Amino acid sequence: MKNLRDTIQLILVIIGFITFKRTTNTALQLTLYMVLNAIIIQEFMQIYNAERDRDKSQTNVIIDQYRYWRLAGIVLVELFVVATVYYLSSILIERFQNL
């Protein structure tokens with residue numbers, strides 16, 4: 001069930017992003033901006049909660065061996081989130097300045 005939800009969410013994000021880039025309707029862009037940011041933050045929170053749960057359960061020794069790689073991956077995901085929000089914001093601000 002989780003894979004189905006992730007697949008549907010990925011398809012909606014792709015469609016939303018393409019629509020965001022191609023539309024000239026500012027209201028639609030603002031709506032898609034909020035929706036896309038909410039999905040990004042939701043995914044980030046799921047990753048954060050999963051990592052926090054792993055840290056609480058010390059049963060997996062293998063995970064502790066790759067702790068620094070996992071931390072590097074999380075930092076990369078956080079940077080990707082910041083870059084994506086910045087990119088979407090810059091497009092939206094440019095649209096508002098042209099009005």
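## Overall fold

Read from the N terminus, the order is α-α-α-α. The model is predicted.

Of the 99 residues, 20% count as buried. Take the contacts between residues at least 6 apart in sequence: 65% of them join residues at least 24 apart.

## The nonpolar core

Seven residues make up the largest nonpolar core. They are Phe 20, Leu 32, Tyr 33, Leu 36, Leu 88, Ile 91 and Leu 92. Two elements, α2 and α4, each give two or more residues to this core.

## The largest pocket

The largest pocket has a volume of about 470 Å³. Its lining counts 18 residues, and the closest to the pocket centre are Val 13, Ile 39, Ile 40, Glu 43 and Phe 80.

Three helices each supply at least two lining residues: α1 (2–22), α2 (26–56) and α4 (67–97). The most comes from α2, with seven residues. By class, the lining of this pocket holds 12 nonpolar, three polar and three charged residues.

Thr 84 sits in helix α4. Is Thr 84 buried or exposed? The cut-off for buried is under 20% relative accessible area. Thr 84 has 18%, so this residue counts as buried.

One of its polar atoms lies 2.8 Å from the backbone oxygen of Phe 80. Phe 80 is also among the residues closest to the centre of the largest pocket.

## The enclosed cavity

Where is empty space left inside a protein? Rolling a probe the size of a water molecule over the atoms shows this. In this model the count is one cavity of 30 Å³ or more. About 40 Å³ of space lies in the largest cavity.

Phe 44, Ile 47, Tyr 48, Ile 74 and Val 77 line the largest cavity. Both α2 and α4 give two or more residues to that lining. The largest share is from α2, with three residues. By class, the cavity lining has five nonpolar residues, no polar and no charged ones.

Conventions
Residues numbered from 1 in each chain as written. Predicted model: local features only at pLDDT ≥ 70, side-chain atom pairs only at ≥ 80, totals over all residues. Heavy atoms only, no water. 1 Å grid on protein atoms, 1.4 Å probe; cavity = no way out; pocket = protein on both sides within 12 Å on 5 of 7 lines; lining within 4 Å. Points joined across faces, edges and corners; volume = space filled by probe spheres on them. Helix = DSSP H or I, 4+ residues; strand = E, 2+ residues; numbered from the N terminus. Nonpolar A, V, L, I, M, F, W, Y, C, P; charged D, E, K, R; others polar. Buried < 20%, exposed > 50% of the residue type's maximum accessible area, 1.4 Å probe, protein only. Polar contact = N/O pair within 3.5 Å; in protein donor to acceptor, adjacent residues only side chain to side chain. Core = buried A, V, L, I, M, F, W, Y, C linked by side-chain atoms within 4.5 Å. Contact = heavy atoms within 4.5 Å.
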